[in-house]
Amino acid sequence: MEERFGFLCGVVEGFYGRPWSMEQRKVLFKWLQRWGLNTYLYGPKDDLKHRMLWREMYSEEEAVHLKALIQAAHACGLQFIYALSPGQDIIFSNSYDVVLLKRKLRQVAGLGCKAFAILFDDIAHTLCQVDKDVFSSFAHAQVSVANEIFQYLEEPCTFLFCPTEYCNSLCYPSLAKSAYLKTIGEELLPGIGVIWTGTKVISKELTEESIKEVQEVLQRRPLIWDNLHANDYDSKIVFLGPFKGRPIRLGPHLQGLLLNPNCEFEANFIPVHTLGSWFRSIHRMRKYSARSDGSATKEESGAYCPEDALCRALQDWTEEIGKSVLPGRQTLPVEDKSSTNSEPKMSEKQGSHITTRWSHCKSAIDGPEEDCEIPKGPQPYHSSEGRPSVPCQSKGAPDIIPNETATVWKPCEIGENREQETQVLTQLDSASHELEASHETPGLDDLHLLVRLFYLPYEHGDKAQHLLKEFQWLKANSSCVSIAVKKGDPQKVDEWRSRALHFKQECDNLLHLHSRIIKSTNQAFLYDIYPYVWDVRNTTLLAKAFVLWLDGHVLSDNHPFGSWRNCFHWCRTIASVDLLGVEVEPWVFKGGISGEFQMMLPLGTSPELFTHPPPLFPASQSYNIRPFASKDKAELYRICRELHHKSLDPSHSLRKHPDLTGDSTAGPLLHLSPEYSFILEDDRGLCGYALGVMDVKSFVKNCETTWFPAMREKYPQGSYTEKATYPDSLLYHFPSLVHVEVLPDVLDSSVARCLATCLLLALKVNGSQGVFCEMLPTDQLHLEFFTKLGFLEIFRSDTVHHEDIVLGRLL
């Protein structure tokens, strides 16, 4: 086959999740052509007519688009391979099913396609009873249909077959002893190529020995379907590292190699670019391997260095990201802002994330009318307290959440309240103008850092490794700065604080990266990469605040609440799978660098705490979380006034007693338990706080002996309301108290969750097994906030006057 066509090398669109748009595929074809690759295989798992509805013919409109795609591939010198996956429900012995399969492929052939693939991957390894009466085995049934289709299509130059056992780990009982693969190798016609992924579904490395073994069993050279950069199994991971772990000496043993990359199209620039470098190295190796005078240079001899290829790819990616490109690689012109029709008419299939959001919001609000002016948001104003304000997020606002593969953000249902819906559009408009006004291109250093954070499934980048190692060391050695250590080793203390400061600076660099990415002029890049950068931003906020809190707040190991170090797991310096000593797929450990940090935190990987839906629209607002300092008290009291002055008795005079609100809501916790206090701040100042109490019984006693008497002297009688006591039935299981407040103009709700998580971490580290928070019965939004954090139990008691208690276990 090599003499007839050559080594197949390119990209297979074969992932689970939202398929790429036509515009994105055409851009891919240009990339493949530019970098010397020659093949594209069409096989997106979630294209209904590729897999689930494989029997259905393409409509006239769909056929026109598919034909145009095939022609675009051919125009770039690429071989277009059309794949069909009938294995889920085909009846192999049913002649009608075989006829439908032929009819479908004949239609595609009529559109100009000359290469095909039939896929039987990821299906049950059994036959229905009807097929059992006709075929002796599962393999015989598949081979029978594949051979018949191959001959029906007049034996095309490229016809691929994907077996159900497509890697070593899926072979039963082993590769060499698999009766299924033996039948495939012996009975499949020699002109049909066989797809293989390697030793595993996602293979860390491919070796000559393993490929030779496959070649012997299949009686032909396999074509590698390479899942090295596939991320459809984990919505919190994207892989930006170079193509590696596949030596170029594999070339003579393979029919080809097709990379099945990230679901997010823009994330594949470096993977595909470096694949092109690898492919060119194979050509150079073949060209100069026959030289006998030894005159070939290192480059001419075909040497491939992943790091060198990465450097070249980063240079080109910097130029690519500098282009002004619409989300989803839209080719439509940007609409004139003076027009009243502020929504371009793009379809969801075209991949425009912005337009998808506008159309979902507007259709849910305004019905079918298309030519409707989007309400414009008001200009920012200044509150009476001096803090610049923006429209607040309504609890009826839709969240944009990633699907299982994080390929597209989907809006939830919008509430029925018309005023709330208008606020949603106002937020979108305000955020959109903010983004447009702050466009800036990420530089080479930014992209280099980005790649080092999101590298490969079996290997963290050096930046991610460094951060994880430092966090592990700071965590493991925090006893030297424990509050119980009065005469610690000064040298160890200085080392710990120096490394903690360096860790903080590294975290600040990641937060700066988040801000730079958001300002990118290339919105196609922004919308594909942003959910991952945003997730790391949240993890960074949490990790930095936690490390800062460890200095001087950790109790000794003999504290009655127990030892915090028993809560921790391990740190991956390369990958957790390597620490287990067994061969497992990378999806066993999910989450990437964020998942690593979470496993080292005492709260584990609670999905309620660490799974945040991306915000409605990328915003360049920066946030910081840190332990409370005494200088923050005035600003914190200002927040209390903004949030609670309406709920106070009108007879209270805030002008005469401006601290009354703060003393009533946050004062006791700040005064008696400052070590469990965190603040949230943005570019304009403080915007939230989280306060906690470790042992409420002792706290109540201290309030009665010190705090309440001071308040009676400070305020007129009846102005300050003293809290009721808490029943022992509550405090037995939930001994700790938490209180979290965030200003409503904080549009990114995930930072509020990170703030609360910092407090929960501090309480858990020092031994708390459960927490509760108080809320007024009318505080429904506060209730929803804490139930989303995992505080799923509601405690109600007549002894706690007119209040609900939201509970959370920290086990």
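Val98, Leu101, Lys102, Leu105 and Arg106 of helix H3 meet Val145, Glu148, Ile149 and Tyr152 of helix H5. Contact here means heavy atoms within 4.5 Å. Helices are DSSP runs of H or I with at least four residues, strands are E runs of at least two, and both are numbered from the N terminus.

Before going on, a word on the source. This is a predicted model, where local features need pLDDT of at least 70 and side-chain atom pairs count only at pLDDT 80 or more, while totals for chains, interfaces and linings use all residues. Residues are numbered from 1 along each chain as its sequence is written, and side-chain values use heavy atoms, with hydrogens and water left out.

Back to H3 and H5.

Now the geometry. H3 spans residues 95-110 and H5 spans 138-152. They pack at about 40°, with axes 11 Å apart. Axes are lines fitted to C-alpha atoms, for helices over the stretch in contact, and angles run from 0 to 180 degrees between N-to-C directions. H3 and H5 are therefore oblique to each other. The cut-offs: under 35 degrees is roughly parallel, over 145 roughly antiparallel, 65 to 115 roughly perpendicular, and the rest oblique. The crossing of H3 and H5 is right-handed.

Next pair: H13, residues 462-476, and H15, residues 523-550. Their angle is about 25°, and their axes lie 10 Å apart. So H13 and H15 are roughly parallel. Their crossing is left-handed. H13 brings Phe471, Leu474 and Lys475 to the contact, and H15 brings Ala543, Phe546, Val547 and Leu550. Six of these residues are nonpolar, none is polar and one is charged.

On to the whole chain. It has 25 helices and 19 strands. What share of its 811 residues is buried? The figure is 57%. Buried means under 20% relative accessible area, exposed over 50%, and partly exposed in between, with a 1.4 Å probe and protein chains only. The accessible surface comes to about 34,300 Å², and 52% of that belongs to carbon and sulfur atoms. Those areas come from the Shrake-Rupley method with a 1.4 Å probe; for residues, only the protein chains shown count as cover. Take contacts between residues at least 6 apart in sequence: 78% of them join residues at least 24 apart.

Is tryptophan 278 buried or exposed? Buried, with a relative accessible area of 0%. Leaving out residues up to four places away in sequence, tryptophan 278 touches Phe7, Cys9, Phe243, Arg246, Pro247, Ile248, Leu257 and Tyr304. Lysine 244 is 34 residues away along the chain, yet its C-alpha atom is 8.5 Å from that of tryptophan 278.

Last, the loops. Tyrosine 172 and proline 173 are joined by a cis peptide bond, omega about -5°. Proline 173 sits between strand E5 (158-162) and helix H6 (179-187). Aspartate 122 has a positive phi, near 55°. Aspartate 122 lies in the loop between strand E4 (115-119) and helix H4 (129-132), and is partly exposed at 35%. Glutamine 219 has a positive phi too, near 60°.

Notes. Left-handed = near helix turned anticlockwise from the far one by under 90°. Nonpolar A, V, L, I, M, F, W, Y, C, P; charged D, E, K, R; others polar.
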